[in-house]
Amino acid sequence: MKRALSFLAPLLLLSTTAFAGEAPKAETATPAKTEAKTTSATTTTTTTTTTTKADTIPAPADKAAGKPVDKPVMIGGPMPEVGKDAPDFELPAQDGKKVDLDDYEGKWVVLYFYPKDFTGGCTLEAKNFQADLAKFKAKDVTVLGVSVDSVSSHKEFCTKESLEFKLLSDADHKVSEKYGALMDYKGMKFSSRTTFLIDPKGVIRKVYPKVDPSKHSAEVLADLDALMKAPKG
């Protein structure tokens with residue numbers, strides 16, 4: 001009996017050791033899988049949150065609150081009509097020199113009013129006039145821009161954008177008002193985006209009360225061609 005037990009002892013020891021070695025492997029594998037799932041879930045959640053923030057653009061405060069958004073109000077006098085004499089004026093240009101509309105008698109004049117130097121739409125409009133300036137000069141047409149900005153502002157604007165035509169300073173906004181091209185926005189006065197085509201006799205031949213800055217220069221050139229070819233009355 002003792003001899004049989006002594007024979008089984010090594011087998012029992014070997015069996016115990018084998019099971020002892022297998023158990024840790026099973027315990028180690030399970031937590032590893034759990035950690036991988038947790039990490040994957042965390043990564044997915046973070047990605048979703050980031051995408052949501054990037055795609056969300058907050059609405060303006062007034063719109064979000066349901067309040068009416070303030071808009072500019074036209075406050076100038078009546079706009080001169082086609083066929084009427086263009087109101088005369090004298091204003092300083094970016095170089096400080098006075099410019100009188102009568103100085104251009106005998107020439108076509110593009111007189112365009114705009115709200116403010118350095119702003120997006122006004123810069124685009126001015127740069128397009130500059131790009132087409134040679135075409136205007138070839139037709140003996142003068143381009144004059146007008147806003148309520150100061151002479152120094154006009155000088156800086158012309159330098160920055162390489163503008164070679166005159167920008168006139170209507171600082172007291174009297175000329176803008178005379179042409180019906182003045183607006184008020186929250187107590188501040190600006191020239192509205194309005195253009196007049198004035199013929200060599202000083203008569204208004206076309207009025208643009210609403211202007212698309214991106215297309216305006218080309219539009220004016222086309223209209224000048226048509227007006228210059230029209231029979232003289």
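In what order do the five strands of the open sheet lie, and what is the pairing?

Reply: The model is a predicted one, in which local features need pLDDT of at least 70 and side-chain atom pairs count only at pLDDT 80 or more, while totals for chains, interfaces and linings use all residues. Residues are numbered from 1 along each chain as its sequence is written, and side-chain values use heavy atoms, with hydrogens and water left out.

The open sheet has the strand order E6-E5-E4-E9-E10, with mixed pairing. Helices (H or I, at least four residues) and strands (E, at least two) are DSSP runs, numbered from the N terminus, and two strands pair if DSSP finds at least two bridges between them. The edges are formed by strand E6 (166–169) and by E10, each of which pairs on one side only. From one strand to the next, the twist averages 20 degrees. E4 and E9 run antiparallel and are joined by five bridges; Val-110 stands opposite Leu-197 in E9.

Two helices pack on this sheet. Helix H5 (residues 151–161) touches E5 and E6, and its direction makes about 160 degrees with that of E6. H7 touches E4, E5, E9 and E10, at about 155 degrees to the direction of E10. Here axes are lines fitted to C-alpha atoms, for helices over the stretch in contact, and angles run from 0 to 180 degrees between N-to-C directions; contact means heavy atoms within 4.5 Å.

Consider H7 in more detail. The 14 residues of helix H7 (residues 216–229) should span 20 Å at 1.5 Å a residue, and its end C-alpha atoms are 20 Å apart, which agrees. The expected span is 1.5 Å times one less than the number of residues. His-216, Ser-217, Val-220, Leu-221, Leu-224 and Leu-227 of H7 are buried, that is, under 20% relative accessible area, where exposed means over 50% and partly exposed lies in between (1.4 Å probe, protein chains only).

The largest nonpolar core has 23 residues, of which Val-110, Tyr-112, Phe-136, Val-143, Phe-165, Leu-167 and Leu-224 touch the most other members. Such a core is a set of buried Ala, Val, Leu, Ile, Met, Phe, Trp, Tyr and Cys residues joined through side-chain atoms within 4.5 Å. E4, H3, H4, E5, H5 and H7 each give two or more residues to this core, and H7 gives the most, with four residues. Beyond its neighbours within four places in sequence, Leu-224 contacts Trp-108, Val-110, Phe-136, Val-141 and Leu-197. A second, separate core of 20 residues includes Leu-101, Val-146, Phe-196 and Val-207.

In H5, the buried residues are Ser-153, His-154, Phe-157, Cys-158 and Glu-161. They fall on the same side of H5, because their arc around the axis is only 130 degrees. Lys-155, Glu-156, Thr-159 and Lys-160, on the other side of H5, are exposed. The buried residues pack against H3, E5 and E6. His-154 has a relative accessible area of 0%; not counting residues up to four places away in sequence, His-154 touches Gln-94, Tyr-114, Asp-117, Ser-147, Asp-149, Leu-167, Leu-168 and Ser-169. Just after H5, Ser-162 takes a positive phi of about 55 degrees.

Terms used. Arc of directions from axis to C-beta.
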